[in-house]
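Subject: Structure handover

Hello,

Here is the structure I promised you. Please open it alongside this note; my findings follow below.

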Amino acid sequence: MNIVIVGLGIIGGSLAKAFAKYTDHHIIGINRTSETLKTALSDGAIHEIGTTDSLSKADVVYMCTYPEHIVEFVGKNAAYFKKGCIVTDVCGIKSEICGKMTEICRDNGLIFCGSHPMAGKEKFSYTASEADLFVGASYIIVPCEADDKTVKTLSDLAFKLRFGSVRTATPQEHDRMIAFTSQLPHVLACAYVQSPCCPNHGGFSAGSYRDVSRVASINENLWTDLFLDNREPLCEEIGILIENLEKFRTLISCGDSEKLREELKRSRLVKEGLGE
């Protein structure tokens, strides 16, 4: 197939490299900066530097840009796409874009099917991308109005790229869970490193500091959009976290060793019960 990847950041670049490594599909890259495209072509991650005219031969288009740019790009260039083309995305929110994208694609003879590769790093440029970023990772498909054939096409492609599992979800289910599994940890990390103790952590920290603070190396432009586009589920999760933190603070400040031990045990059993 001819596969167009719009946006060669860490996810788009990794998709391109994975396609180049594990499939025989023809990969076309579209990106704002020409230097990134030249590098990707030199790396062998893409086979062709594309323009909007390239969309006319695309069987599948992966939109790997900021959420608002996805709707803008497809809406503005819908006439260039080949009829019947599958359009998917990789962004971390779905409710905000699925309705708009489904309507645009339906009106222009295209098929929108949302998706979200559950993989990444704290770095966010093409230089951080790698072909094996998705090995063993989960790939979430949000079908919207897409048919089973489209879902199977994206699922098959995901497994060829070495994803470990594929799950389907509604936009609402996706956003609720991502608020907990992805967005809340980023909020926590950013709040954590704002402690006045943070600049002096050297020599006093090991794995715990590293694990909690890692994702504070954040793309503030992207994550501002993601947080605000998913504000209701995320604020609910932040509220739950605050309640739990207040509970622990109260037990510690009161010196209630028995109840504190019970809560710590409860947390341990929850984690161990997940088998992770």
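Which residue follows α9, and is its phi positive or negative? The residue is G255, and its phi is positive, near 70°. Keep in mind throughout that this is a predicted model.

**Helix α9**

I started with α9 itself. The helix covers residues 231-254, 24 residues in total. From first C-alpha to last it reaches 34 Å. That is close to the 34 Å expected at 1.5 Å a residue.

Which residues of α9 are buried? They are P233, L234, E237 and L251. Their cover includes three other helices: α6 (171-192), α8 (220-229) and α10 (257-273).

**α9 against α10**

The neighbour to look at next is α10. The two helices, α9 and α10, pack at an angle of about 145°. Their axes are 9 Å apart. On the α9 side, the contact uses K247, F248, L251 and I252. On the α10 side, it uses K259, L260, E263, L264, R266 and S267. By class, the α9 and α10 contact has 5 nonpolar, 1 polar and 4 charged residues.

K247 and E263 deserve a look of their own. They form a salt bridge, with the closest N and O atoms 3.1 Å apart. K247 sits in α9 and E263 in α10, so the bridge ties together parts that are 16 residues apart in sequence. K247 is partly exposed, at 28% relative accessible area. E263 is buried, at 17%.

**Salt bridges within a helix**

The count for the model comes to 14 salt bridges.

- R249 with E246: the side chains meet at 2.9 Å, N to O. Both residues are in α9, 3 residues apart, so about one helical turn separates them. R249 counts as exposed, because its relative accessibility is 54%. E246, at 35%, counts as partly exposed.
- R268 with E272: these side chains meet at 3.2 Å, N to O. Both lie in α10, 4 residues apart, about one turn of the helix. R268 is partly exposed, at 42% relative accessible area. E272 is also partly exposed, at 48% relative accessibility.

Salt bridges with shared partners join R176, E236 and E237.

**α3 against α4**

Now move to another helix pair. How do α3 and α4 lie relative to each other, and how far apart are their axes? The axes of α3 (residues 67-77) and α4 (residues 95-107) come within 10 Å. They cross at roughly 10°, which means that α3 is roughly parallel to α4.

From α3, the contact takes in P67, I70, V71, V74 and G75. From α4, it takes in I97, K100, M101, I104 and C105. By class, this contact has 8 nonpolar, 1 polar and 1 charged residues.

**Where to begin**

I would start at the K247 and E263 salt bridge. Then turn to the α3 and α4 contact, with its 8 nonpolar residues.

Best wishes

Conventions. Residues are numbered from 1 along each chain as its sequence is written. This is a predicted model: local features need pLDDT of at least 70, side-chain atom pairs count only at pLDDT 80 or more; totals for chains, interfaces and linings use all residues. Side-chain values use heavy atoms; hydrogens and water are left out. The expected span of a helix is 1.5 Å times one less than its number of residues. Buried means under 20% relative accessible area, exposed over 50%, partly exposed in between (1.4 Å probe, protein chains only). Contact means heavy atoms within 4.5 Å. A salt bridge is a side-chain nitrogen of Lys or Arg within 4 Å of a carboxyl oxygen of Asp or Glu. Axes are lines fitted to C-alpha atoms, for helices over the stretch in contact, and angles run from 0 to 180 degrees between N-to-C directions. Angles under 35 degrees count as roughly parallel, over 145 as roughly antiparallel, 65 to 115 as roughly perpendicular and the rest as oblique. Ala, Val, Leu, Ile, Met, Phe, Trp, Tyr, Cys and Pro count as nonpolar, Asp, Glu, Lys and Arg as charged, and the others, Gly among them, as polar.
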